[in-house]
Amino acid sequence: MQKNGIFCRGQAIACLINRVNWLLIMRTSAVLFMMVCCAAHLLIAAPGRGQDRTKRNITLEYHNAPFTTVVKAIEQRTGLIIMYELTPDLEKDRVSISVSGRPASEALDLLVHGRLLKWSLKESENIVRLERSDAAATISANAAPLPPDPPRLTGIVKDDKGRPLAGATIAIRNSRTFATTNAEGVFSIQAKEGDIIICTFVSCEPRTIRVSADMLHLGSLGQIMLIQSVSGLDET
């Protein structure tokens with residue numbers, strides 16, 4: 001009888017051990033299944049997130065601001081991470097940019113324009129990389145440096161009652177460079193000292209402005225007021 005008792009107790013212990021082993025196996029399997037599901041969800045959700053952020057509409061208004069300041073503003077408004085090498089030239093560079101309700105990709109285009117840079121997006125990590133463009137890479141050390149692009153100037157066009165004029169044309173005389181104002185009457189154009197800027201709008205008298213050194217220093221042409229023409233008054 002004693003042997004039977006020992007046998008029964010041993011059988012009970014073996015059953016308990018088997019039950020514990022099964023519980024461990026089931027728990028481990030459940031954890032592994034959850035990890036696989038999470039990994040699959042991340043793989044499915046990751047592509048395209050960065051691309052969606054570059055399509056996000058943002059507003060920027062900076063005049064002669066440090067390059068790093070504008071980069072941080074784009075990061076804050078989009079959630080993107082912008083990676084670049086802060087060279088001495090970029091550290092001293094000043095940026096004038098005006099974007100109102102436009103995709104972040106357009107702001108990035110304006111940021112790299114004229115700086116021999118290009119931007120690329122790593123969608124899965126929401127990372128934008130600013131790198132030297134192919135044009136910059138082909139410039140040899142002995143080649144004469146290219147003349148810098150004219151700085152970009154911003155401004156706003158209004159009528160004589162202080163209302164912004166959307167669709168006004170701002171052009172540089174004897175040049176193919178021109179720009180148009182957005183819904184808020186704001187524009188941005190590249191110009192150099194001495195350029196003559198002609199601002200026109202339907203039913204308004206055209207106005208000419210000579211770009212001065214002070215305007216270049218401020219990065220702005222300020223407010224341009226257009227007066228309604230006599231013919232426009234007659235039509236109304």
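This is a predicted model: local features need pLDDT of at least 70, side-chain atom pairs count only at pLDDT 80 or more; totals for chains, interfaces and linings use all residues.

1. With a relative accessibility of 0%, against a cut-off of under 20%, Leu111 counts as buried. Leaving aside residues up to four places away in sequence, Leu111 touches Phe67, Val70, Val71, Ile74, Val95 and Leu130. For one of these, Val70, the separation from Leu111 is 41 residues in sequence, while the C-alpha to C-alpha distance is 8.2 Å.

2. Which residues have the most contacts inside the largest nonpolar core? They are Leu60, Phe67, Ile74 and Leu111, in a core that has 22 residues. At least two residues of this core come from each of strand S1 (57-66), helix H3 (67-78), strand S3 (94-103), helix H5 (104-112) and strand S5 (127-132). Apart from this core lies another, of 19 residues, which includes Ile197, Cys199, Ile209 and Leu226. As general background, nonpolar side chains in soluble globular proteins tend to be buried together.

3. H3 has 12 residues, and the distance from its first C-alpha to its last is 17 Å, close to the 16 Å expected at 1.5 Å a residue. Its buried residues are Phe67, Val70, Val71, Ala73, Ile74 and Thr78; because these cover an arc of only 160 degrees around the axis, they fall on the same side of H3. Lys72 and Gln76, on the other side of H3, are exposed.

4. Helix H5 can be described in a similar manner. Ala104, Ala107, Leu108, Leu111 and Val112 are buried in H5, and since they cover an arc of only 125 degrees around the axis, they are placed on the same side of H5. For an α-helix in general, there are 3.6 residues a turn, so residues three or four places apart point the same way. After H5 comes Gly114, where phi is positive, near 80 degrees.

5. What is the strand order of the open sheet that contains S5? The order is S2-S5-S4, in a sheet of three strands with mixed pairing. Strand S2 (81-83) and strand S4 (117-122) are the edge strands, each pairing on one side only, and the twist from one strand to the next averages 25 degrees. S2 and S5 run parallel and are joined by three bridges, with Ile81 standing opposite Ile127 in S5. H3 lies across S2, S4 and S5, running at about 150 degrees to S2; H5 also lies across S2, S4 and S5, running at about 150 degrees to S4.

6. Another open sheet of three strands has the order S9-S6-S12, with mixed pairing. Strand S9 (186-190) and strand S12 (220-226) stand at the edges, and because each has a single partner strand, one side of each is left without a neighbour in the sheet. On average, neighbouring strands here are turned by 30 degrees against each other, direction ignored. Strand S6 (residues 152-159) pairs with S12 in the parallel sense over six bridges, where Thr154 has Ser220 of S12 as its bridge partner.

7. The last point concerns strand S7 (residues 169-172), whose covered face carries Ile170 and Ile172 and whose uncovered face carries Thr169 and Ala171. In a regular strand, side chains alternate between the two faces of the sheet. S7 pairs in the antiparallel sense with strand S8 (residues 178-180) over three bridges, and with strand S10 (residues 196-200), likewise antiparallel, over four bridges. Thr169 has Thr180 as its bridge partner in S8 and stands opposite Thr200 in S10. In the hairpin of S7 and S8, with five residues between the strands, Asn174 takes a positive phi near 60 degrees.

Definitions and conventions:
Residues are numbered from 1 along each chain as its sequence is written. Side-chain values use heavy atoms; hydrogens and water are left out. A nonpolar core is a set of buried Ala, Val, Leu, Ile, Met, Phe, Trp, Tyr and Cys residues joined through side-chain atoms within 4.5 Å. Buried means under 20% relative accessible area, exposed over 50%, partly exposed in between (1.4 Å probe, protein chains only). Two strands pair if DSSP finds at least two bridges between them. Axes are lines fitted to C-alpha atoms, for helices over the stretch in contact, and angles run from 0 to 180 degrees between N-to-C directions. The expected span of a helix is 1.5 Å times one less than its number of residues. The arc is that of the directions from the helix axis to the C-beta atoms. Contact means heavy atoms within 4.5 Å.
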